[in-house]
Amino acid sequence: METRLDYVNAAPDAIQAVFALENYVSTKSGLDPNLIHLLKLRASQINGCVYCVDMHTREARKDGLSEQWIALVCVWREAAIYSPRERALLGWTEALTNLGATGAPDADYQELRAHFTDEECTKLTVAIGTINVWNRLAVGFRMQPDAQIET
(Lines give C-alpha, C1' and ligand atoms only; values in the text may rest on other atoms or scores of the structure.)
Protein backbone atom coordinates (compact mmCIF):
# COMPACT_ATOMS: atom_id res chain seq x y z
CA MET A 1 0.00 0.00 0.00
CA GLU A 2 1.34 3.41 -0.92
CA THR A 3 1.13 6.52 1.25
CA ARG A 4 -1.38 8.96 -0.21
CA LEU A 5 0.16 12.23 0.99
CA ASP A 6 2.51 13.72 3.55
CA TYR A 7 -0.06 15.27 5.88
CA VAL A 8 2.58 16.80 8.16
CA ASN A 9 3.90 18.99 5.34
CA ALA A 10 0.51 19.49 3.72
CA ALA A 11 -1.02 21.23 6.78
CA PRO A 12 1.65 21.83 9.43
CA ASP A 13 -0.56 24.10 11.54
CA ALA A 14 -3.26 21.43 11.78
CA ILE A 15 -0.75 18.75 12.70
CA GLN A 16 0.88 21.05 15.28
CA ALA A 17 -2.52 21.29 16.97
CA VAL A 18 -2.79 17.50 17.10
CA PHE A 19 0.79 17.27 18.41
CA ALA A 20 -0.09 19.77 21.15
CA LEU A 21 -2.97 17.55 22.25
CA GLU A 22 -0.70 14.49 22.09
CA ASN A 23 1.92 16.28 24.18
CA TYR A 24 -0.72 17.06 26.80
CA VAL A 25 -1.92 13.44 26.93
CA SER A 26 1.56 11.91 27.01
CA THR A 27 3.44 14.30 29.27
CA LYS A 28 1.11 16.68 31.11
CA SER A 29 -2.10 14.79 31.87
CA GLY A 30 -0.69 12.82 34.78
CA LEU A 31 -2.28 9.64 33.44
CA ASP A 32 -0.59 6.30 34.09
CA PRO A 33 1.56 5.61 31.00
CA ASN A 34 0.42 1.98 30.97
CA LEU A 35 -3.20 3.11 30.63
CA ILE A 36 -2.21 5.36 27.75
CA HIS A 37 -0.45 2.44 26.06
CA LEU A 38 -3.54 0.32 26.58
CA LEU A 39 -6.05 2.72 25.06
CA LYS A 40 -3.77 3.70 22.16
CA LEU A 41 -3.13 0.10 21.21
CA ARG A 42 -6.78 -0.97 21.47
CA ALA A 43 -8.18 2.00 19.54
CA SER A 44 -5.53 1.52 16.84
CA GLN A 45 -6.44 -2.18 16.55
CA ILE A 46 -10.14 -1.38 16.20
CA ASN A 47 -9.40 1.26 13.56
CA GLY A 48 -7.12 -1.07 11.60
CA CYS A 49 -4.22 1.36 11.82
CA VAL A 50 -1.08 -0.60 10.96
CA TYR A 51 1.16 2.40 11.56
CA CYS A 52 -0.17 3.08 15.06
CA VAL A 53 -0.45 -0.58 16.12
CA ASP A 54 3.19 -1.02 15.17
CA MET A 55 4.27 2.18 16.95
CA HIS A 56 2.31 1.57 20.14
CA THR A 57 3.36 -2.08 20.35
CA ARG A 58 7.00 -1.00 20.12
CA GLU A 59 6.51 1.77 22.69
CA ALA A 60 4.74 -0.54 25.15
CA ARG A 61 7.50 -3.11 24.78
CA LYS A 62 10.19 -0.43 25.25
CA ASP A 63 8.44 0.75 28.42
CA GLY A 64 8.61 -2.77 29.87
CA LEU A 65 5.13 -4.13 29.28
CA SER A 66 5.12 -7.88 28.75
CA GLU A 67 4.64 -9.55 25.39
CA GLN A 68 1.59 -11.31 26.82
CA TRP A 69 0.03 -8.04 28.02
CA ILE A 70 0.59 -6.50 24.57
CA ALA A 71 -0.52 -9.52 22.55
CA LEU A 72 -3.78 -10.10 24.42
CA VAL A 73 -5.15 -6.55 24.11
CA CYS A 74 -7.12 -7.59 21.02
CA VAL A 75 -8.89 -10.34 23.03
CA TRP A 76 -9.05 -8.56 26.38
CA ARG A 77 -12.56 -9.74 27.23
CA GLU A 78 -11.31 -13.34 27.34
CA ALA A 79 -7.92 -12.56 28.93
CA ALA A 80 -7.68 -12.63 32.72
CA ILE A 81 -4.38 -10.71 32.66
CA TYR A 82 -6.03 -7.25 32.77
CA SER A 83 -7.09 -5.63 36.03
CA PRO A 84 -10.69 -4.44 36.55
CA ARG A 85 -9.42 -0.87 36.06
CA GLU A 86 -7.76 -1.78 32.74
CA ARG A 87 -10.88 -3.67 31.64
CA ALA A 88 -13.06 -0.63 32.39
CA LEU A 89 -10.77 1.53 30.26
CA LEU A 90 -10.73 -1.02 27.43
CA GLY A 91 -14.55 -1.10 27.40
CA TRP A 92 -14.73 2.72 27.33
CA THR A 93 -12.08 2.86 24.59
CA GLU A 94 -14.08 0.46 22.45
CA ALA A 95 -17.33 2.30 23.12
CA LEU A 96 -15.89 5.68 22.09
CA THR A 97 -13.86 4.38 19.17
CA ASN A 98 -17.01 2.70 17.82
CA LEU A 99 -19.20 5.63 18.86
CA GLY A 100 -21.57 5.47 15.89
CA ALA A 101 -22.43 1.87 16.67
CA THR A 102 -22.38 2.00 20.48
CA GLY A 103 -23.60 5.44 21.49
CA ALA A 104 -21.30 5.21 24.54
CA PRO A 105 -23.48 2.86 26.60
CA ASP A 106 -24.33 3.65 30.21
CA ALA A 107 -22.92 0.29 31.32
CA ASP A 108 -19.48 1.11 29.90
CA TYR A 109 -19.60 4.57 31.48
CA GLN A 110 -20.65 3.19 34.87
CA GLU A 111 -17.81 0.68 34.79
CA LEU A 112 -15.36 3.47 33.99
CA ARG A 113 -16.75 5.59 36.87
CA ALA A 114 -16.27 2.69 39.27
CA HIS A 115 -12.50 2.90 38.73
CA PHE A 116 -11.66 6.49 37.80
CA THR A 117 -12.31 10.01 39.12
CA ASP A 118 -14.15 12.65 37.11
CA GLU A 119 -10.81 14.19 36.20
CA GLU A 120 -9.36 10.87 35.06
CA CYS A 121 -12.51 10.04 33.06
CA THR A 122 -12.18 13.36 31.25
CA LYS A 123 -8.47 12.98 30.57
CA LEU A 124 -8.84 9.38 29.42
CA THR A 125 -11.63 10.43 27.06
CA VAL A 126 -9.39 13.17 25.63
CA ALA A 127 -6.64 10.56 25.18
CA ILE A 128 -9.06 8.23 23.36
CA GLY A 129 -10.14 11.09 21.09
CA THR A 130 -6.52 11.97 20.38
CA ILE A 131 -5.49 8.47 19.27
CA ASN A 132 -8.60 8.31 17.13
CA VAL A 133 -7.49 11.51 15.36
CA TRP A 134 -4.04 10.00 14.73
CA ASN A 135 -5.64 6.77 13.48
CA ARG A 136 -7.82 8.66 11.03
CA LEU A 137 -4.82 10.54 9.67
CA ALA A 138 -2.68 7.42 9.37
CA VAL A 139 -5.38 5.17 7.90
CA GLY A 140 -6.85 7.87 5.68
CA PHE A 141 -3.47 8.73 4.17
CA ARG A 142 -2.18 5.12 4.25
CA MET A 143 0.83 5.61 6.51
CA GLN A 144 3.04 2.53 6.72
CA PRO A 145 5.47 1.61 9.48
CA ASP A 146 9.14 1.35 8.68
CA ALA A 147 9.92 -2.23 7.74
CA GLN A 148 12.14 -3.63 10.48
CA ILE A 149 13.02 -7.16 11.32
CA GLU A 150 13.19 -7.70 15.05
CA THR A 151 15.12 -10.52 16.56
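**Helix packing and pockets: worked exercises**

In this predicted model, the axes of helix α6 (residues 84-97) and α9 come within 10 Å and cross at roughly 50 degrees. Residues are numbered from 1 along each chain as its sequence is written, and side-chain values use heavy atoms, without hydrogens or water. Local features need pLDDT of at least 70 and side-chain atom pairs pLDDT 80 or more, whereas totals for chains, interfaces and linings use all residues.

**Exercise 1.** Classify the crossing of α6 and α9, and state which residues meet.

*Step 1.* Helices are DSSP runs (H or I, at least four residues) numbered from the N terminus; axes are fitted to C-alpha atoms over the stretch in contact, with angles from 0 to 180 degrees between N-to-C directions.

*Step 2.* With under 35 degrees roughly parallel, over 145 roughly antiparallel, 65 to 115 roughly perpendicular and the rest oblique, α6 and α9 are therefore oblique to each other.

*Step 3.* Contact means heavy atoms within 4.5 Å. Arg85, Leu89, Trp92, Thr93, Leu96 and Thr97 of α6 meet Glu120, Leu124, Thr125, Ile128, Asn132 and Arg136 of α9. These residues comprise five nonpolar, four polar and three charged (Ala, Val, Leu, Ile, Met, Phe, Trp, Tyr, Cys and Pro are nonpolar; Asp, Glu, Lys and Arg charged; the others, Gly among them, polar).

**Exercise 2.** Describe how α2 packs against α9.

*Step 1.* The axes of α2 and α9 come within 10 Å, crossing at roughly 140 degrees. That angle makes α2 oblique to α9.

*Step 2.* From α2, the contact draws on Ile15, Val18, Phe19, Leu21, Glu22, Tyr24 and Val25; from α9, on Lys123, Val126, Ala127, Thr130, Val133, Trp134 and Leu137. By class, eleven are nonpolar, one is polar and two are charged.

**Exercise 3.** Which residues line the largest pocket, and which element gives the most to the lining?

*Step 1.* A pocket is an open set of points on a 1 Å grid where a 1.4 Å probe fits, with protein on both sides within 12 Å along at least five of seven lines; lining residues have an atom within 4 Å of a point.

*Step 2.* The lining consists of Tyr7, Phe19, Glu22, Lys40, Tyr51, Cys52, Met55, His56, Glu59, Ile131, Trp134 and Ala138. Two or more of these residues come from each of α2 (12-28), α4 (50-62) and α9 (118-140).

*Step 3.* α4 gives the most, with five residues. The lining as a whole has eight nonpolar, one polar and three charged residues.
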